[in-house]
Amino acid sequence: MKTHTFKGGIYPQEMKELSKDCAIVDAFPSTKTVTIPVTMGGAPNTPLVKVGDVVKRGQVIAKSDKFMSAPVHASVSGKVKKIQSCLVTGNMEVPCITIEADGSNETEYMPVLDPFTCGKQAALDRIRDAGIVGMGGASFPTHVKLNPPADKKINYVLLNAAECEPYLTVDERTLLETPEKVVDGLNIVMNIVGAEGIIALETNKDYIKPLLENEIQKNNIKNMSVALCKTKYPQGCEKNIVDAILGIEIPAGGLPADAGAIITNVGTVCAISDAFRKGMPLVDRALTISGGAVEKPCNLRVPVGTIVGDLIPDAFTLKQDATVKIVSGGPMMGFAMTNTQFPVAKGTSGITFLTKEETYLVDESQCISCGRCVEACPMHLTPVMIVRELKAENLAGAKKFGLMDCIECGCCSYVCPSNVRLVQRFRIGKGIVRAKMAEERAKASAAGVSK
Amino acid sequence: MTDTKANTKEIYLSSSPHFTFGSSTQWIMATVLIALLPECIYGVIVFGLRALVTIIASVVSAVFFEYLFQKITKREVVVSNLSAAVTGVLLALVIPSTTPVWMVVIGALVAVVIAKGLFGGIGSNTFNPALTGRAFMFMSFSAIMGASWFNPESGVSKWSYALTGASNVDAVSSATILSQIESGTASIDGATMLQYFVGNRAGCIGETSIMLILLSFIFLLVTKVIDWRAPVTMVGTVIVATFVSSVISTGSASIAATDVIMALLTGGLLFGATFMVTDYATAPVTKPGRLVFGFGCGLITFLIRRFGGYPEGVMFSILIMNAVAPFLNNLTSRKYGYGKKAMQLKKEGK
């Protein structure tokens with residue numbers, strides 16, 4: 001069996017052993033309240049409820065008429081207590097709806113729908129109505145992704161089950177515990193876009209392959225297969241997974257659809273399956289709680305909007321004075337947070353509590369031009385030269401060496417012996433370039449108007 | 001910010017990644033020192049106590065001058081990253097064991113202060129520090145540096161005259177095979193080749209044992225401290241150029257093959273390819289850049305050896321290519337998403 005891979009990348013310590021054997025267990029916030037961001041992916045929503053309203057689990061509480069939007073549902077039944085700005089992943093304050101659960105567990109789900117007979121438009125509408133967005137972190141509305149422009153022929157749906165981020169094991173557990181749901185969800189997606197399906201696993205999860213193949217066989221799905229990828233970071237990045245499995249590069253500035261592929265996530269296909277088979281919108285989310293500072297790392301399923309701190313101490317506890325970084329997501333691409341008072345959103349795949357020994361707090365030292373970043377870059381860019389051009393304030397030079405092609409995976413910073421904050425500088429550089437471009441566009445349009 | 005729930009005192013914020021391989025400049029330099037250790041030990045075995053004195057003098061003065069320079073210029077003192085120590089060892093290994101100590105000290109000063117410190121320190125220098133120090137010594141003291149080779153087979157005890165001056169040494173003038181080849185007086189047989197491969201011969205302290213240099217090369221490749229591209233293209237270019245030129249001038253492939261073997265076994269080619277063209281700061285960082293860099297070093301080495309006034313061309317070829325290295329960084333690998341196929345897809349999409 002061929003193991004697929006790509007050029008570049010790194011082999012960080014996987015750290016999956018901390019939580020890979022822990023079954024996903026249901027957890028509920030100790031405060032009995034959830035704080036649900038009004039918008040989680042797509043265009044901004046408007047709240048449909050006001051303080052004091054009684055809502056049921058599964059009821060739409062915020063939405064927008066824009067096509068590029070995904071509605072948000074109450075994840076518990078209870079009373080709306082507050083609608084105000086709260087801290088969310090990324091350390092931003094955004095409008096959130098706080099609901100206090102009344103313990104009635106009343107639900108307001110949609111009717112069950114057969115995805116294979118309802119027709120493409122009805123299926124896409126169901127996915128949108130269920131508020132499904134990419135659960136790998138990007139939170140892009142799924143109904144938009146599954147409806148590419150007519151001129152793009154989609155040949156493959158790739159289920160990204162690489163889970164290349166260290167520590168995170170929630171996809172692994174989901175595949176292991178509910179392979180039937182994963183296969184069903186992927187089959188639904190394949191049916192909607194009319195393409196072949198490939199489940200892409202990293203070799204560290206090869207023991208799950210027979211389970212999935214068994215499930216595929218049982219359901220007699222002809223055009224679905226399982227592919228193994230080398231355990232390597234960032235195997236799960238869509239550009240690299242398309243390259244590894246299909247041998248096609250996504251054109252610069254393009255989308256996977258340009259290469260005839262749509263990439264979806266394990267959590268997302270499970271949510272799609274639930275949306276049809278149970279009529280259940282995306283109200284729960286499974287995530288990994290891990291890191292050296294966690295007493296007993298685990299995988300939890302919580303209502304969307306659960307404040308992470310409200311899971312302490314019932315669902316997990318932290319070692320005394322051990323945490324130096326609270327990361328929403330994994331250590332390679334996650335966001336460092338100021339505290340635990342932020343909600344689990346649809347795109348939150350894990351929370352990692354890192355100790356001083358696991359993360360690095362040392363200062364940058366001088367670049368020694370070793371070229372390790374060039375070797376590690378999965379996009380084949382020249383990180384060291386981008387930094388030099390940025391320091392020289394030469395944006396054209398930085399772009400030539402690949403600034404705008406950077407996927408921010410962090411491989412360059414990871415391998416740097418001088419701890420130069422390469423990708424961190426690229427984010428700033430990209431911001432400057434984008435601001436300049438917006439400025440130029442504004443100027444150009446102003447000039448157009450005056451003519 | 002404190003967070004009672006997080007059960008902690010201090011939380012750090014930063015942009016991702018929050019994970020590192022944990023490699024450091026110090027670790028890299030220490031690995032290079034380990035790789036250089038066999039050459040040092042063998043050099044002392046072959047050339048005696050005098051070689052040990054040269055190595056110690058070079059390392060101590062390199063580290064001392066780096067410390068002094070960073071103190072005087074009020075920079076952060078970073079001698080603990082061991083890069084000055086590496087420069088010191090490299091310098092000692094590319095000069096004859098009979099070099100007077102005061103000359104070694106001046107060489108180290110030039111290497112560490114002029115070639116590196118004044119250019120902005122580690123990572124910022126244009127020219128290889130050790131080779132710049134060596135070039136300075138060979139130019140300034142050419143009478144002593146080029147003619148005072150100690151022949152290990154001379155019968156003079158190598159342990160007895162450790163600290164006496166170069167003039168008392170039974171030095172063999174123009175003893176290197178390269179100068180003999182240059183003058184057409186060299187005779188080569190299998191035993192000579194084996195002797196050169198093992199390294200028991202006249203020459204610079206660390207350059208004589210091809211066997212040990214190959215071991216170091218493999219060690220540095222395996223530990224991923226160096227990249228194969230520049231060394232392999234450099235040596236490959238010398239092999240091809242020497243063979244072709246020899247076939248043209250002698251018309252005999254077997255003589256050409258002998259010439260190729262001697263080109264590899266003699267002089268500083270393999271030492272330079274392993275330790276000098278792989279120097280981070282003075283070589284390109286990009287993969288295609290390194291290939292061209294190695295090719296240039298190999299070609300210039302060949303040209304100097306074949307047509308130049310010096311018997312050995314490795315040092316100058318590397319220093320010349322050092323000057324070009326920053327421009328070679330413009331040769332980059334093709335970025336992801338810019339291939340013909342991807343561009344085609346993009347066009348079709350539009």
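Which residues are linked with Lys181(A) in a network of salt bridges? In this predicted model, Asp274(A) and Lys278(A) join Lys181(A) in that network.

Let's start with the pair inside it. The side chains of Lys181(A) and Asp274(A) meet in a salt bridge, with 3.1 Å from N to O. Lys181(A) sits in helix H4 (residues 179-193) and Asp274(A) in helix H7 (residues 266-277) of chain A, so this contact ties together parts that are 93 residues apart in sequence. Lys181(A) is partly exposed, at 22% relative accessible area, whereas Asp274(A) is buried, at 11%.

Over all chains, the structure holds 20 salt bridges. Here are three of them, with the N to O distance for each:

| Asp258(A) | Lys152(A) | 2.9 Å |

Next, take a look at Asp258(A), which forms a salt bridge with Lys152(A). Asp258(A) lies in the loop between helix H6 (238-246) and strand S13 (261-265), and Lys152(A) in the loop between helix H2 (142-145) and strand S10 (156-161) of chain A, so the pair ties together parts that are 106 residues apart in sequence. Asp258(A) counts as buried because its relative accessibility is 15%, and Lys152(A) counts as buried at 18%.

Arg427(A) counts as partly exposed, at 23% relative accessibility.

Key:
Residues numbered from 1 in each chain as written. Chains lettered and ligands numbered in written order. Predicted model: local features only at pLDDT ≥ 70, side-chain atom pairs only at ≥ 80, totals over all residues. Heavy atoms only, no water. Salt bridge = Lys/Arg side-chain N within 4 Å of Asp/Glu carboxyl O. Helix = DSSP H or I, 4+ residues; strand = E, 2+ residues; numbered from the N terminus. Buried < 20%, exposed > 50% of the residue type's maximum accessible area, 1.4 Å probe, protein only.
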